Amino acid sequence: MSLTADVLRLIAGLFAGIIIPRLPLLFFTRFLNMERSLSPHPDPITVDVPLIQRMVLMRRVHWMGWALAVMPLGFGLLVLRASAEPFALGLVAGVAWFAISRTVPQHLGNGLGILPMSLVKEVNNLREVRERCCDRPFPQWEVRAVRCRHCRSILLNRPRPDLGRVRADGRLAGAFRVLLSDGGSPFPPLEEEE
Ligand SMILES: [Zn+2]
């Protein structure tokens, strides 16, 4: 077998290993008609029950990714025990990258994973406004943080992760973007302004 064919098989395996665990994230909510309760992407989302439900659902979608990752990993390892097949090697490497990108926190202190339960709780706590920021508190999750719609104060300094909405840039480009950002937010938390 030629070297080129080997490299092509390695790359094909790598792509399969990278994409298979992310299939639920790419397609699950986006291709079902589940948009009714949430504002369309990329508009801010009102902090309310539908948002919390969607966050819990997205946590399940992330877990489905782990379940799907087991198959190519097992298959790849099984083949590699018999022979050094480049496709299987790529497959295992791709899944390993998925596992690393999901377990290493992007920003320290933010909890483990893209959507940690602590984040769901923090956002849920904002529904019952304890400290009123202004006369009409209206928390909504914007791209960079949860802010009050009326007085613009930052109520929770956490960028918004992907919430499975059909993205404004279309299904295909949107899917590619989700693949690159892995369902997290490409933005770091805002710098403290004071
Ligand atoms: Zn306010």
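## Buried residues of α4

In helix α4 (residues 86–103), the buried residues are Pro 86, Phe 87, Ala 88, Gly 90, Leu 91, Val 92, Gly 94, Val 95, Phe 98 and Arg 102. Buried here means 20 or more other C-beta atoms within 10 Å of a residue's own, exposed means 12 or fewer, and partly exposed lies in between, with C-beta atoms placed from the backbone. The cover over these residues includes α1 and α3.

A word on the model: it is predicted, with local features needing pLDDT of at least 70 and side-chain atom pairs counting only at pLDDT 80 or more, while totals for chains, interfaces and linings use all residues. Residues are numbered from 1 along each chain as its sequence is written. Helices (H or I, at least four residues) and strands (E, at least two) are DSSP runs numbered from the N terminus.

The 18 residues of α4 should span 26 Å at 1.5 Å a residue, and its end C-alpha atoms are 26 Å apart, so the two agree. The expected span is 1.5 Å times one less than the number of residues.

Helix α1 (residues 3–19) packs on α4 at about 35 degrees, with axes 6 Å apart. Axes are lines fitted to C-alpha atoms, for helices over the stretch in contact, and angles run from 0 to 180 degrees between N-to-C directions. Nonpolar covers Ala, Val, Leu, Ile, Met, Phe, Trp, Tyr, Cys and Pro; charged covers Asp, Glu, Lys and Arg; the others, Gly among them, are polar.

Helix α3 (residues 49–82) crosses α4 at roughly 140 degrees, their axes coming within 8 Å, and this crossing is left-handed. Residues in contact (C-beta atoms, placed from the backbone, within 7 Å) include Pro 72 and Phe 75 of α3 and Leu 91 and Phe 98 of α4. The classes are 14 nonpolar, one polar and no charged residues.

## Ile 20 and the whole chain

Ile 20 sits in the loop between α1 and α2 (23–27). It is partly exposed because 19 other C-beta atoms lie within 10 Å. Not counting residues up to four places away in sequence, Ile 20 touches Leu 68 and Pro 72.

Overall, the chain has six helices and four strands, in the order α-α-β-α-α-α-β-β-β-α. Of its 194 residues, 25% count as buried.

Technical notes: A crossing is left-handed if the near helix is turned anticlockwise from the far one by less than a right angle, and right-handed if clockwise. Two residues are in contact if their C-beta atoms, placed from the backbone, lie within 7 Å.
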